[in-house]
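Biologist: Thanks for sitting down with me over this one. Could you walk me through what you see, piece by piece?

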Amino acid sequence: MPERYRSIIDVHVILERGTEILLLERQGTGYCDGMLHLPSGHLEEGEPVTVGAAREAREEVGIRIDPEDLRPATVVHHRQRPDLARVGLFFATDRWGGEPYNAEPHKCGKLLWCDPVVLPSNTIDYPAAGIRAYLAGTSITINGW
């Protein structure tokens, strides 16, 4: 019998400030360095998805989010390469404590507040697909298949 299909679960946070969202420039990671991404990361074993999203935002941009303040935004089933797929759970919020800052300078070059309707051309396709789906009110999207 074939092994059960497994996928990596990612959590992404769309931080909304007025008409802008926060993007991070990747640096020194070996994956899409110089490109923009949302605060995000892998869900950890035994961790509820909203808790994981709040944790990632705290680790990457130093803010405190009450998991109850995270609204489901969209889901992206993303094929990163032929042998690797990910399920991205995107959450949105305009409520948090603290001012976002680069809390991981070894992984991030800078933070940018951007118009989500006109994303910078160097935004990674995976989070861009999630942002576009969220803006369109699409609950799930398939990307890279």
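Modeller: Happy to! Let's start with cysteine 32, which lies in the loop between β2 and β3; strands (E, at least two residues) and helices (H or I, at least four) are DSSP runs numbered from the N terminus. This is a predicted model, where local features need pLDDT of at least 70 and side-chain atom pairs 80 or more, while totals for chains, interfaces and linings use all residues. Residues are numbered from 1 along each chain as its sequence is written, and side-chain values use heavy atoms, without hydrogens and water.

Biologist: What is the phi of cysteine 32?

Modeller: Cysteine 32 is partly exposed, because its relative accessible area is 24% (buried is under 20%, exposed over 50%, partly exposed in between, with a 1.4 Å probe and protein chains only). Although cysteine 32 is not a glycine, its phi is positive, at about 55 degrees.

Biologist: Is histidine 37 buried or exposed?

Modeller: Histidine 37 sits in strand β3, residues 36–37. Leaving out residues up to four places away in sequence, histidine 37 touches His12, Leu23, Leu24, Arg26, Ile124 and Pro127, contact being heavy atoms within 4.5 Å. Its relative accessible area is 7%, so histidine 37 is buried.

Biologist: Which side chain does histidine 37 join in a polar contact?

Modeller: A polar contact is a pair of N or O atoms within 3.5 Å; within protein, one must be able to donate a hydrogen and the other to accept it, and residues adjacent in sequence count only if both atoms are side-chain atoms. At 3.2 Å, the partner of histidine 37 is the side chain of serine 40.

Biologist: Which residues lie nearest the centre of the largest pocket?

Modeller: A pocket is an open set of points on a 1 Å grid over the protein atoms alone where a 1.4 Å probe fits, with protein on both sides within 12 Å along at least five of seven lines; lining residues have an atom within 4 Å of a point. β1, β2, β4 and α1 each supply at least two residues of the lining. Of the 21 lining residues, those nearest the centre are Arg26, His37, Ser40, Gly41 and Glu60.
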